Amino acid sequence: MNHASIWAAVDYVAASNGLSRSGLARACGLDATAFNKSKRIDKYGKLHWPSCITIAKIISFAHISPEEFGRIIRKTTNPKN
């Protein structure tokens, strides 16, 4: 699990629910720009990770378990599995 795979899982959840990144953010009660790719790494190269609360909101919105979100992360890390 790494920064890229967690964000890929967020993108996967958005797409599998027929939403854009901003649509998923709004559905989770967040600012529409919260999941923008431009906000994932700052101009100095520092990685911005989604918080536990943000992940919980995504899981709740998508009606999936934390285990299922973990499977999505693994799937985006290694798409052959």
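**Reading helices and salt bridges**

Mentor: Let's start with Glu68 and Arg71, which both sit in helix α4, three residues apart, about one turn of the helix. Helices here are DSSP runs of H or I with at least four residues, numbered from the N terminus. This is a predicted model, where local features need pLDDT of at least 70 and side-chain atom pairs count only at pLDDT 80 or more, while totals for chains, interfaces and linings use all residues. Residues are numbered from 1 along each chain as its sequence is written, and side-chain values use heavy atoms, leaving out hydrogens and water.

Trainee: What do the side chains of Glu68 and Arg71 meet in?

Mentor: A salt bridge, meaning a side-chain nitrogen of Lys or Arg within 4 Å of a carboxyl oxygen of Asp or Glu. For Glu68 and Arg71 the N to O distance is 3.0 Å.

Trainee: How many salt bridges does the count come to?

Mentor: Three. Asp11 pairs with Arg21 at 3.0 Å, N to O. Arg21 belongs to helix α2 (residues 21–27) and Asp11 to helix α1, so this pair ties together parts 10 residues apart in sequence. Asp11 also forms a salt bridge with Arg40, with the closest N and O atoms 2.6 Å apart. Arg40 lies in the loop between α2 and α3, so that pair joins parts 29 residues apart in sequence. Put together, Asp11, Arg21 and Arg40 are linked in a network of salt bridges.

Trainee: Are Asp11 and Arg40 buried or exposed?

Mentor: First, the cut-offs: buried is under 20% relative accessible area, exposed is over 50%, and partly exposed is in between (1.4 Å probe, protein chains only). Both Asp11 and Arg40 are buried. Arg21, at 31%, is partly exposed.

Trainee: Back to α4, then. Which residues of α4 are buried?

Mentor: Phe69, Gly70, Ile72 and Ile73. They cover an arc of only 155° around the axis, which puts them on the same side of α4. The arc is that of the directions from the helix axis to the C-beta atoms. On the face turned away from that buried side you'll find the exposed residues Glu67 and Arg74.

Trainee: What do the buried residues of α4 pack against?

Mentor: Look for contacts, meaning heavy atoms within 4.5 Å. The buried residues of α4 pack against α1 (3–16) and α3 (52–62).

Trainee: And which residues are buried in α3?

Mentor: Thr54, Ile55, Ile58, Ile59 and Ala62. Seen down the axis of α3, they fall within an arc of 140°, so they line one face of the helix. What covers them includes α1 and α4.

Definitions and conventions:
Helices (H or I, at least four residues) and strands (E, at least two) are DSSP runs, numbered from the N terminus.
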